Structures are given as structure tokens and as C-alpha cells.
Amino acid sequence: MRAVKTTQHNAYQIHYHFVTPVKYRKAIFGRLDREQTLKSVCEEIEQRYSLEFEKVGIDTNHVHYLISAAPKFSPSNIIQI
């Protein structure tokens, strides 16, 4: 069980699972440099916003994200970020 996170005004335990396909389902992943670049971008997003990428699963033509986020972010806002 994951821990409950708290802020000044609330306590939450929200997890989202997003799957984002690559345009035209092209197999662009599978190379280590591209996967490392994607993971470094995820780390930069974590630093700027109150999001936590719990897991990032990379397949050749799509990516799975398991994200924990504060209640102030809707799922559409998370994808936009």
C-alpha cells in the first residue's frame, strides 16, 4: 500500500495510469538514449510540479505512466503538462 500524501489543506492518495502511443505507432523506442531522454524529461517535470512518476514503462511504440498527483491537477491537466 502506498503512503498517503499530505499538503497544508488536504490528504490524498491519487494514482493515474496513462498510456500514450507514439504517432502512427512507429517503433521509436528500444534504443537506450531515447529511453533515457524520456526519463530525464519526466524527472524535470517532477521537479517543477507536484507530480510523482511512480513507474514509467516504455515499449517500442507506446509508454505507460503511473503518476501520483495532487488533487489540484485533473487528468487532462496532467497530460497537458
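Helices (H or I, at least four residues) and strands (E, at least two) are DSSP runs, numbered from the N terminus. Bear in mind this is a predicted model, where local features need pLDDT of at least 70 and side-chain atom pairs count only at pLDDT 80 or more, while totals for chains, interfaces and linings use all residues. Residues are numbered from 1 along each chain as its sequence is written, and side-chain values use heavy atoms, with hydrogens and water left out.

So, helix H1. In H1, you'll find Leu 38, Cys 42 and Ile 45 buried. They sit on the same side of H1 because they cover an arc of only 60° around the axis, taking the directions from the helix axis to the C-beta atoms.

Now the rings. Centres within 6.5 Å make a pair for Phe, Tyr and Trp (its six-membered ring); planes under 30 degrees apart are stacked, over 60 edge-to-face, the rest tilted. We have three aromatic pairs here. One of them, Tyr 16 with Phe 18, is stacked, at 5.7 Å centre to centre and 25° between the planes. Tyr 16 counts as buried, at 19% relative accessibility, and so does Phe 18, at 13%. Then there's Phe 53 and Tyr 65: centres 5.9 Å apart, planes at 65°, so that pair is edge-to-face.

Technical notes. Buried means under 20% relative accessible area, exposed over 50%, partly exposed in between (1.4 Å probe, protein chains only).
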